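Open the model in your viewer and keep the selection tool ready. The stops below say what to select and what is there.

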Amino acid sequence: MSFQVNNNNRPPFPPPFAQQGAPGSRPGPPPSGVVPRGPGGPPPQGSLGPPNVMPNRPNGPTPPFGVRPPPGAFSGNVPPPPGPFASSGNVPPPPGPFASSGNAPPPPGPFASSGTAPPSTRPGSFQSAPMTTGQVPPGPPPLSGAPSPFSNGPPSAGMQGGPRFPSTGGMPRPVSGPPPPLSMSSAPAIRPFGGSLSAGSLPGLTQQAPPFSAPPTGGSPPPPGPHTFSAPPQGPQFPVSQFGSQPWSMQQRPVMPPSQFPGSAPPPRMYNMPGPESTASISPAMSQGPSKIDPNQIPRPIPSSSIVLHETRQGNQANPPPSATTDYIVRDTGNCSPRYMRCTINQIPCTNDLQGTSGMQLALLVQPLALPHPSEEPVQVVDFGEAGPVRCSRCKGYINPFMKFIDQGRRFICNFCGFTDDTPREYHCNLGPDGRRRDADERPELCKGTVEFAATKEYMVRDPMPAVFFFLVDVSMNALQTGATAAACSAISQVIADLPEGPRTMVGIATFDSTIHFYNLKRALQQPLMLIVPDIQDVYTPLESDVIVQLSECRQHLELLLENIPNMFQNNKTADSAFGAATKGAFLAMKSTGGKLMVFQSVLPSVGIGALSAREAEGRTNITAAEKEAHKLLQPADKTLKTMAIEFAEYQVCVDVFITTQTYIDIASISVIPRTTGGQVYYYYPFSAVSDPAKLYNDLRWNITRPQGFEAVMRVRSSQGLQVQEYSGNFCKRIPTDVDLPAIDCDKTIMVALKHDEKLQDGAECSFQCALLYTTVYGERRIRVSTLSLPCTTMLSNLFRSADLDTQFACFLKQAANEIPSSPLLQIREQMTTLCINILHSYRKFCATVSSAGQLILPEALKLLPLYTLALIKSIGLRTDGRIDDRSYWINYVSSLSTPLAIPLVYPRMISIHDLDLKETDGNLPPAVPLSSEHVTDDGIYLLETGEDCLVYVGNSVDPDMMRQLLGISSVEEFPTQFVLQQYDNPLSKKLNEIVNEIRRQRCSYLRLKLCKKGEPSGMTFFSYMVEDKTPSGLSYVEFLVHIHRQIQAKMS
């Protein structure tokens, strides 16, 4: 067998930034907030709905959405507020439950501290909130703090050390003025793949000229040196390649429109593996076995560090999006940004049969409130006054750039259902010679893929709800003894400063063990008053009006109470936990308004409503039954919590659960509540009072400060010929067409599977529209509308050419997670392998017929699909050796996971850190190492991160001096059980801290670090991620390719 990656018909690159405009000028759209308009138009209005907004006019940028963290967001020289974790420094610490030693004041960590901001300085989404002490510079702090030693560990007293999450002082404030020019930051931006590597730079590959006449423009990489971007990429973008599609960087070249491919596709152009240019070959007879494949030549992700400027449409054609894991800047020229909506295939098959033949799924991944890049124009808000936005009277689709105006603008044809409507008189405008309205470029709704409409009264069932935050803390014996209660109280008291200011912000708090304790926080009282509810079967809420009060009038009471809770309950001997009853009680207090309920839970809920038993132990005692029935433990124990969750969702209460446990807690049952109410599960296992409080604090902070909306409803519409088959994610569904979301935030993604109901027309375009009606944290009702229009095709080769690897794989992942609770794992692993084989077989059979049978041929866009499929079947979710709770958590994490995080979850990024002094990174992360144990040496130290967790592996024969410089330990025997990363006074340690903070910023997540060493369970955990290795239960990457090739050959014959 020999390998080929098929790379036919690659259109040229868009020009690099160097060619756009004058040096230092901002390429692309006008500055944010500027709506281009014709002569005489009024200037754009402010974004918070001024009283004199003209109807039908754009009304400035949207306030409640932030951008990703600027380079400084994760470290700065801002003194943080006191926390309950004492550390010895030059500041006398107040007494706290956790003491740690060291004589350095903990420094700026990545997550800046908070304080009470004056009204005029509401911090932007990722800036540091102003402090109560001293002046804080208005801009983001510098990327790395002073070189003085500091701790990346838990919050400490006096000065808040430890990386804190990008502080967002409440919600990001309305964007005003243009974004900073491209040349303001010294932090180079990162773009992991798809740079302009020539095939010649890859051993054994030759590059075919593109078959089009257009010469490649801008094919050379931008000049070296830092890229001049004002802020880092959002979400998981990496300088390394673990994660992109198409490492040979074809994906930025626009896929040519269907009209360019008349007749049949040209024969595939391939990278031949045998011969001088070969990568690897296996003889057709397979007699030599897999040893003939050279593991260094098989497809792997390849790093790239250039930024892509992506125009969503060019020349009235959709541009295929860059890989989700690259760093890109979007210019919305008609289609919405791929951050908001991506399709698994960027050309839509005209028939169900064609799609079936390809083996690929047709689905959308929708992330309606995704964080934009700081250099992107903010989403424009359009206010149509009392008339509301223009819509199709038949299908209710919203006005968008693809609705066609006819009859001199007096009527318009809907691009979804084809119905012709009269244009409202006040919205009429004549058409120009090109058939477009003369004002199309002045109206965001007619020229942008994403806009936000101000909602009128008809979109409201009641007044927009206030921003309500209710905290529910477990004070059972176990929670107190492990330090979980103290960590939760500390985190809550620190994030209170980040809640939105003003009379609309309401808070409440309760604690629980086998009874529930509410607290009256009214200002009139001398101190908070405890109200105990002993009935945990028939729960009620005492004094509803006094349990949830305005933050402005109870701040002192709340801070005092949080400080005292760990002491009040310190001698508690109650081991039971009434989780279900406490959650129900808190819900009853919130029922009249709705809001966010954050529950901190440490033990298995054992009494009251929804009590659970230790099912896992029962399963373990009967091993043979457990093997057959293992998936039953991944289903909820009964329907009680699901019934409660549906009621919570109906009253717009979203529940997030922070699980701080050291034992089995039945996540399968508990997680039903967050999944149904649009919330999420956070999981700290085994909980450590040393290393987890910092992560708990940062997770809670990001949860309440990230861009989000309340009481939301979402619907996706598509053109005639396609319909939505099903939605999957964290939500409640009461009617088939709509998704109810008590809360939705910038991290949540919903998968929308599509199906054909009739044939589409070749060469026409098919449109998709996601409409999200929601309330901002400022109490404004908005409709965010994102529209995507893609060409239809009857040619199979176009489907493979325009496939989106990241989105296809994210769908694989979500499909597997949905199946785990109801099917045996072996069956799901086979199903995932079969999906991969079917796609590659279809390509081999119909699009690469000229090659010899001995070759394994992979389509360029999907050449990494076998690697990621192998990684998926070896992941925690599909391995038989994991804990039941770990697998339940994995299923939950995947259900709302965004596209950029899908690949790193199963194919993490690994970098060597023992040789940091030899690497010139220029602010980028060092290159990634393939996930194979042959790349892990015994004298090396490696960091591996999944977007959620971070493992540091130390080999047995590492130089002690290296260990001391990086980790502060001088021998492998000294390994601490709990590890907190410190910064020591040496260049290696400084570099390591910069790398960890950069990863945290990219991932919008505070990764806790775990030390791993050979021969211990921690080392086995680390090596379980070496997915390219052969394991007792799975093939190596080379063997898996051979297996796939044999299966394809069998199907061909």
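A salt bridge here is a side-chain nitrogen of Lys or Arg within 4 Å of a carboxyl oxygen of Asp or Glu. By that rule, a search of the whole structure finds 40 salt bridges.

Two notes before moving on. This is a predicted model: local features need pLDDT of at least 70, side-chain atom pairs count only at pLDDT 80 or more, and totals for chains, interfaces and linings use all residues. Residues are numbered from 1 along each chain as its sequence is written, and side-chain values use heavy atoms, with hydrogens and water left out.

**The whole chain**

Colour by secondary structure. The protein has 23 helices and 37 strands. Helices (H or I, at least four residues) and strands (E, at least two) are DSSP runs, numbered from the N terminus. Of the 1053 residues, 64% count as buried. Buried means under 20% relative accessible area, exposed means over 50%, and partly exposed lies in between (1.4 Å probe, protein chains only). Now consider contacts, meaning heavy atoms within 4.5 Å. Among those between residues at least 6 apart in sequence, 78% join residues at least 24 apart.

**Salt bridges**

Select aspartate 804 and arginine 342. Their side chains meet in a salt bridge at 3.0 Å, N to O. The partners are 462 residues apart and link distant parts of the chain. Aspartate 804 sits in the loop between helix H14 (796–801) and helix H15 (805–819), while arginine 342 is in strand S10 (residues 341–343). Aspartate 804 counts as buried, at 5% relative accessibility. Arginine 342 is buried too, at 4%.

Go to aspartate 745 and lysine 748. This salt bridge spans 2.7 Å, N to O. Aspartate 745 is buried at 3% relative accessibility, and lysine 748 is buried at 5%.

Next, pick arginine 436 and aspartate 441. Are these two buried or partly exposed? Arginine 436 is partly exposed, with a relative accessible area of 35%. Aspartate 441 is also partly exposed, at 48%. Their side chains meet in a salt bridge at 3.1 Å, N to O.

Then select Arg437, Asp439, Arg443 and Glu445. A network of salt bridges links these four residues.

**Two packed helices**

Two packed helices are described by the angle between their axes and the distance between the axes. Show helix H20 (residues 960–967) and helix H21 (residues 987–1003). They pack at an angle of about 50°, with their axes 7 Å apart. That makes H20 oblique to H21. The axes are lines fitted to C-alpha atoms over the stretch in contact, and angles run from 0 to 180 degrees between N-to-C directions. Angles under 35 degrees count as roughly parallel, over 145 as roughly antiparallel, 65 to 115 as roughly perpendicular and the rest as oblique.

Show the side chains at the contact. From H20 come Met962, Gln965, Leu966 and Leu967; from H21 come Leu988, Ser989 and Leu992. These residues divide into five nonpolar, two polar and no charged. Ala, Val, Leu, Ile, Met, Phe, Trp, Tyr, Cys and Pro count as nonpolar, Asp, Glu, Lys and Arg as charged, and the others, Gly among them, as polar.

**A covered helix**

Select helix H17 (residues 865–873). How many of its nine residues are buried? Nine of the nine are, and the helix is mostly covered. What covers the buried residues of H17 includes H15, helix H16 (825–847), strand S32 (855–859), helix H18 (884–895), helix H19 (899–906) and helix H23 (1037–1052).

**A buried valine**

Move to valine 473, in strand S18 (residues 467–474). Valine 473 is buried, with a relative accessible area of 1%. Leaving aside neighbours within four places in sequence, its contacts are Thr485, Ala488, Ile492, Ala510, Thr511, Phe512 and Phe600. Valine 599 is 126 residues away from valine 473 in sequence and 6.1 Å away in space, C-alpha to C-alpha.

**Backbone stops**

Most residues other than glycine have a negative phi, and most peptide bonds are trans.

- Select tyrosine 685 and proline 686. The peptide bond between them is cis, with omega near -10°. Proline 686 lies in the loop between strand S25 (681–684) and helix H13 (693–705).
- Select aspartate 407. Its phi is positive, about 55°. Aspartate 407 is in the loop between strand S14 (404–406) and strand S15 (411–413), and is partly exposed at 38%.
- Select cysteine 1004. Its phi is near 50°, also a positive value. Cysteine 1004 lies in the loop between H21 and strand S37 (1009–1013), and counts as buried at 10% relative accessibility.
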